[in-house]
Amino acid sequence: MKKVVVFLFVCCVLAGCANAASWYVDAVRGSDGADGATPLAAKRSIQAAVNGAAAGDVVVVADGVYAPFSVANKGVVIRSANGAGVTRIDGGERERCATLGEHFGDVATRLEGFTLENGRADYGGAVMGGTLVKCVLTGSAAKLNGGGAVYSVLEECTLTKNEAVAYGGGAAYCTLRLCTVSENTSGYGGGVAYGDADRCTLSGNLANGSGGGAHGGELSNCLLVDNKAYTGCGGANCATLIGCTVVRNRAHAMCGGVGVSTLRNCIVWDNSASKFDNCFDVKAVFSCMDPVEAGEGNIGSAPRFVEPESGDFCLLPGSPCIDSGSKEHAVGQLDLRGRPRLQGAGVDRGAFEFNVSVAE
């Protein structure tokens, strides 16, 4: 009986794949009156193609600049032919670039290899919803939350120079993996707000309130560097940080590094503020900061970075942060650079695992 069920399942999957269609879009040579079935009969707009596409279909988009479009969380893949460098969706500083869903959890539509620029909206200046892969979100703004993105999943994306008045200059209420979030601005959470980030770099972001890098949410295996907040917590506030390195962040008022947060296996070092340079009101274990905070396994010794002046925050041989973290509190199998998290006798503190093979 089990073999029959498996056979029927495989047949259904193959039938679904066979029924899936490809749609083609070309901003230069296409026409929305064409059927979009081949590159020579391409649609001109992405909107025309997604209107005709069914769940499981793939929309292939040629190089060019495209108008904004909307998809009601339809399970389609929208893929650029040659990547984000030559395929752009421009909001014209008037509207959101892409509305892939309208509610939290609407991530069925997949957008691959686009630059989304000059978007404007109350929420999600560049994009709302959907799953984005290898995209660039830039020059967009939200009157409230998510200057770049809101309610989205972002993988291997770059979010830069976006702005939100309230929360999340780069992204709000999003999940980010392997992303670079830089030079974004907001009231709270200059980089990201109320979302989860894993193996991401948050740098040069600004919060006019607090949380220059991040406000709320959970960050794991991330680097927060050179972020700034006017009120407080230049690195992050009201967040949970696991296996993160928080360095060279600043606050005009108080708490240059991390405030009102939970820290596990982290390094919080060389941040600055008028009061409380590194930490304020944190619950920390197995972390490294100066002055050392109360908590199991915390240390106040210098972490010994390889070359912090040039942005290399890997650990030197002999660092007190090597093998001194907690396996119990570690999250994920890889560090920020893709190295296995467990290489020596234990887990290292911070975002970068010491490379044992090089040391040997």
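Predicted model: local features only at pLDDT ≥ 70, side-chain atom pairs only at ≥ 80, totals over all residues.
Figure 1. Residues up to four places away in sequence being set aside, L241 touches L219, L224, A236, V246, V258, S261, T262, L263, R264 and C266.

**Figure 2. The largest nonpolar core.** This core comprises 56 residues, and I78, L116, L176 and L241 have the most contacts inside it. Two or more residues are given to the core by each of strand 1 (22-25), helix 2 (46-52) and strand 2 (58-61). Helix 2 supplies the largest share, three residues. A second, separate core contains 16 residues, including W269, C314, L315 and L336.

**Figure 3. Contacts of L116.** L116 is among the residues with the most contacts inside the largest nonpolar core. Beyond its neighbours within four places in sequence, L116 is in contact with I89, C97, A98, L111, A126, V127, L132, C135, V136, L137, T138 and S140.

Figure 4. Which strand holds T99? The residue lies in strand 7, formed by residues 98-99. T99 counts as buried because its relative accessibility, 11%, falls under 20%. When residues up to four places away in sequence are left out, the residues that T99 touches are F69, S70, V71 and M128.

**Figure 5. The protein chain as the setting of the close-up views.** The chain contains three helices and 43 strands. Its C-alpha atoms fill a box of roughly 65 × 55 × 35 Å along the principal axes. Where contacts link residues at least 6 apart in sequence, 29% of them join residues at least 24 apart.

Figure 6. The chain exposes about 15,100 Å², of which carbon and sulfur atoms supply 54%. How far apart are the mean positions of the positive and negative charges? For the 29 positive and 36 negative charges, these mean positions are 4 Å apart.

Definitions and conventions: Residues numbered from 1 in each chain as written. Heavy atoms only, no water. Helix = DSSP H or I, 4+ residues; strand = E, 2+ residues; numbered from the N terminus. Buried < 20%, exposed > 50% of the residue type's maximum accessible area, 1.4 Å probe, protein only. Contact = heavy atoms within 4.5 Å. Core = buried A, V, L, I, M, F, W, Y, C linked by side-chain atoms within 4.5 Å. Areas by Shrake-Rupley, 256 points an atom, 1.4 Å probe, with all protein chains shown as cover. Lys, Arg positive; Asp, Glu negative; His and termini not counted. Charge placed at Lys NZ, Arg CZ, Asp CG, Glu CD.
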